[in-house]
Amino acid sequence: MLSYRHSFHAGNHADVLKHTVQSLIIESLKEKDKPFLYLDTHAGAGRYQLSGEHAERTGEYLEGIARIWQRDDIPEELSAYMSVVNHFNRNENLRYYPGSPLIARQLLREDDKLHLTELHPSDFPLLRSEFQKDDRARVSRADGYQQLKAQLPPLSRRGLILMDPPYEMKTDYQDVVKGIQEGYKRFATGTYALWYPVVMRQQIKKMLRDLEATGIRRILQIELGVRPDSDQRGMTASGMIVINPPWKLEQQMNNVLPWLLKVLVPSGTGHTTVNWVVPE
Ligand code: SAM
């Protein structure tokens, strides 16, 4: 089942959190000269038109990136992320939102590598055309979970693995844990960043228990909620699970989350979390 299209959700509060964390990890990896691999298992289309039919229909970006865009008090922790958003919106109008592959493309260096996989028959060609002229990138129409076995460890022995499945199928909650286990067996020093939605809190609690049971250490949870947990349909919060986070990430998120909460959730119904699921 591949009915999920990220174009309906691009630039929402969950993307803002995910791409903030992604860009902070990339910037930390760049502090050493040695190149690294950026592996994006569920890459999406790459670029999203915010004035397009899909984004306009849901209007989710209006409560996400549109609330941050053009503020004059943007914290330092958002500067890499916002530099990419600005790159795609040079004429002062917010027209495009860069997905995770384009954020990586802008931030990575000449010798770093990108490996991107996407399965959707409409999104894959869009993604491939974005990277046609980029020698650093390999774009495949392939199963993202398989890449955790096939592409790891990277030659450079340094890397960020971003896992961002749509959770259309309940099995995704187990598949992400299995995928991380497979990847970690081959590449225990990599940084793994897994996005999750809070639709039913119990699913996330179980996923975290399953992750803990793998024996993997250094697991940091970062979450931004917009409404209290609920039994009704719909995402009330989203988060990132980061394994082997750069040492600064915990502090950076503690610095920036209060600002994001204030700006993205002016109603005051939200919450933030930075929590070690499993410490050192
Ligand atoms: N990471 C993107 C970003 O931040 O811009 C958004 C990705 S979107 C949430 C999830 C994507 O995963 C969808 O485009 C979907 O088609 C794709 N997908 C679903 N199952 C997949 C699989 N097994 N392997 C690779 N891609 C898959």
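Helices α1 (residues 13-29) and α10 (residues 249-264) pack with their axes 11 Å apart, at an angle of about 155°. Axes are lines fitted to C-alpha atoms, for helices over the stretch in contact, and angles run from 0 to 180 degrees between N-to-C directions. The two helices are therefore roughly antiparallel (angles over 145 degrees). Their crossing is right-handed, meaning that the near helix is turned clockwise from the far one by less than a right angle. Helices here are DSSP runs (H or I, at least four residues) and strands likewise (E, at least two), numbered from the N terminus.

The model is predicted: local features need pLDDT of at least 70 and side-chain atom pairs pLDDT 80 or more, while totals for chains, interfaces and linings use all residues. Residues are numbered from 1 along each chain, and side-chain values use heavy atoms, without hydrogens and water.

On the α1 side, the contact (heavy atoms within 4.5 Å) involves His13, Val16, Leu17, Thr20, Val21, Leu24 and Ile25. Their partners in α10 are Leu249, Gln252, Met253, Leu257, Leu260 and Leu264. By class, this contact has ten nonpolar, three polar and no charged residues.

An unreviewed UniProt entry places the feature "binding site" at His19, His42, Ser100, Glu118, Asp143, Gly144 and Asp164. Such annotations may be inferred rather than shown by experiment. His42 lies in the loop between β1 (37-40) and β2 (47-49). His42 is buried (under 20% relative accessible area), at 16%. Beyond four places in sequence, His42 contacts Thr117, Glu118, Gly144, Tyr145, Asp164, Pro165 and Pro166. Asp143 sits in the loop between β5 (137-140) and α7 (144-150). Asp143 has 29% relative accessibility and counts as partly exposed, the class between buried and exposed (over 50%).

Conventions. Angles under 35 degrees count as roughly parallel, over 145 as roughly antiparallel, 65 to 115 as roughly perpendicular and the rest as oblique. Ala, Val, Leu, Ile, Met, Phe, Trp, Tyr, Cys and Pro count as nonpolar, Asp, Glu, Lys and Arg as charged, and the others, Gly among them, as polar. Buried means under 20% relative accessible area, exposed over 50%, partly exposed in between (1.4 Å probe, protein chains only).
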